[in-house]
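Please work through the exercises below with the sequence and the model open beside you. Each task is followed by a solution that goes step by step.

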Amino acid sequence: MKIKQIFQWLLGSNKKKSSSPQNGMQADKSEMMQKVLTMLSNTQDVEMTCDEVFAVLDQFAELAARGEDVSRLMPLVQHHLDMCPDCQEEYKVLQRIVLNAV
Amino acid sequence: MDKRTNEEWIADLRAGGEPQAQALEDLRAIILRGLPYAIAGRIAPNSPESEALVEEIVQETLMRVLDNLDTFEGRSQFTTWAHKIAVRAALTELRRVRWREVPLPEMAMDEEGDASYREIPDNQASPEDQVDRKDMMKRINRIIMEELTEKQRMAMTATMEGFPLEEAAQRLGMNRNALYKLMHDARLRLKKRLEKEGLTPQQVLSVFERVGK
């Protein structure tokens, strides 16, 4: 339980606070289950991997910066970014650079 | 000169000698302009830590750019491609520093369901909703235990708790790409098993979303 508490402390600023300490754990579990189910709901049979997305992320960022409909042009990349927080974070940082350069 | 065409960047960086040295210097200046601004929300800009990190990342990026010139396909500006390499290197390092002391979280769900979950009443839910949710939770836990390997359960718990894939992968002795594939396989297995049991993720989700409404 100690590990869990450390985790909650580390993630505290990003997580929704529960309505009371008593049902905090319950809210966490319910939230976690909802996250899992949302991920399942969005799971596709074929998905791009992180390496495949990284290979085209520069192209994707430039298209988005030009106002192109990237969800239509590169739907599998968009889907991966929706599912993978690491790649999404990298995309957002790259996007800042590209937009700043435009 | 940082207004080279893609072809000029490639030619200069391959040329060796003075053209290559100048191109590397120009690329270094471009990355130094873009990267600190882009990661400012993640590390205090102009701090000694930030300057040291950026310097290290720029060096690493220039080496990777030279090593991977053949993989540049010209689908973006060369500088965007180089920035992409810098961004991944920077965020990988920031994640490593932030999470290095944090162990992978424990799997919160067990075969029997979680006792504390059943014992704590949720005052926001109706009694019927509480029963539905507990039953569903137990059922999902059982499916997870039956369908997923221990590694898949650990990976799923870690990422649901906000652990970066990169770091979770390292702890599990694999790379990030392999972990994503492992988790994709886990998600597909769970989704198909739910379908086999006559459930869709949306139906299960609705049981949890009813609570508190």
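This is a predicted model: local features need pLDDT of at least 70, side-chain atom pairs count only at pLDDT 80 or more; totals for chains, interfaces and linings use all residues.

Residues are numbered from 1 along each chain as its sequence is written, chains are lettered from A and ligands numbered from 1 in the order in which they are written, and side-chain values use heavy atoms, with hydrogens and water left out.

**Exercise 1. Find the aromatic pairs and describe the one formed by B:Trp9 and B:Phe78.**

Step 1. Rings of Phe, Tyr and Trp (its six-membered ring) pair if their centres lie within 6.5 Å; planes under 30 degrees apart count as stacked, over 60 as edge-to-face and the rest as tilted. Over all chains, the search finds 6 aromatic pairs.

Step 2. B:Trp9 and B:Phe78 are stacked, with 5.5 Å centre to centre and 20° between the planes. Because B:Trp9 lies in helix H1 (residues 6-15) of chain B and B:Phe78 in helix H4 (residues 78-99) of chain B, the pair ties together parts that are 69 residues apart in sequence; helices are DSSP runs (H or I, at least four residues), numbered from the N terminus.

Step 3. Buried means under 20% relative accessible area, exposed over 50% and partly exposed in between (1.4 Å probe, protein chains only). B:Trp9 counts as buried at 1% relative accessibility, and B:Phe78 is buried with a relative accessible area of 1%.

Step 4. B:Phe78 also pairs with B:Trp81, in a tilted arrangement with 5.5 Å centre to centre and 40° between the planes. Both residues lie in helix H4 of chain B, 3 residues apart, which is about one turn of the helix, and B:Trp81 is buried at 5%. One aromatic cluster is formed by B:Trp9, B:Phe72, B:Phe78 and B:Trp81.

**Exercise 2. Locate the charges that lie over the rings of B:Trp9 and A:Phe54.**

Step 1. A charge sits over a ring if NZ of Lys or CZ of Arg is within 6 Å of the ring centre and within 35 degrees of the ring normal.

Step 2. B:Arg4 lies over the face of B:Trp9, at 4.5 Å from the ring centre.

**Exercise 3. Describe the contact between chain B and chain A.**

Step 1. With contact meaning heavy atoms within 4.5 Å, 62 residues from chain B and 52 residues from chain A take part.

Step 2. The buried area, which is the accessible area (1.4 Å probe) that two parts lose on being put together, summed over both, is about 5,700 Å² between chain B and chain A, and carbon and sulfur atoms give 63% of it. On the side of chain B, B:Lys84, B:Met160 and B:Tyr180 lose the most area to chain A, together 13% of what that side buries.

Step 3. A salt bridge is a side-chain nitrogen of Lys or Arg within 4 Å of a carboxyl oxygen of Asp or Glu, and the count between the two chains is 8. B:Arg176 forms a salt bridge with A:Glu90, the closest N and O atoms being 2.8 Å apart.

Step 4. B:Asn177 lies in helix H9 of chain B and is buried, with a relative accessible area of 11%. Not counting residues up to four places away in sequence, B:Asn177 touches A:Thr49, A:Cys50 and A:Asp51, and a polar atom of the B:Asn177 side chain lies 3.1 Å from the backbone nitrogen of A:Cys50.

Terms used: Helices (H or I, at least four residues) and strands (E, at least two) are DSSP runs, numbered from the N terminus. A polar contact is a pair of N or O atoms within 3.5 Å; within protein, one must be able to donate a hydrogen and the other to accept it, and residues adjacent in sequence count only if both atoms are side-chain atoms.
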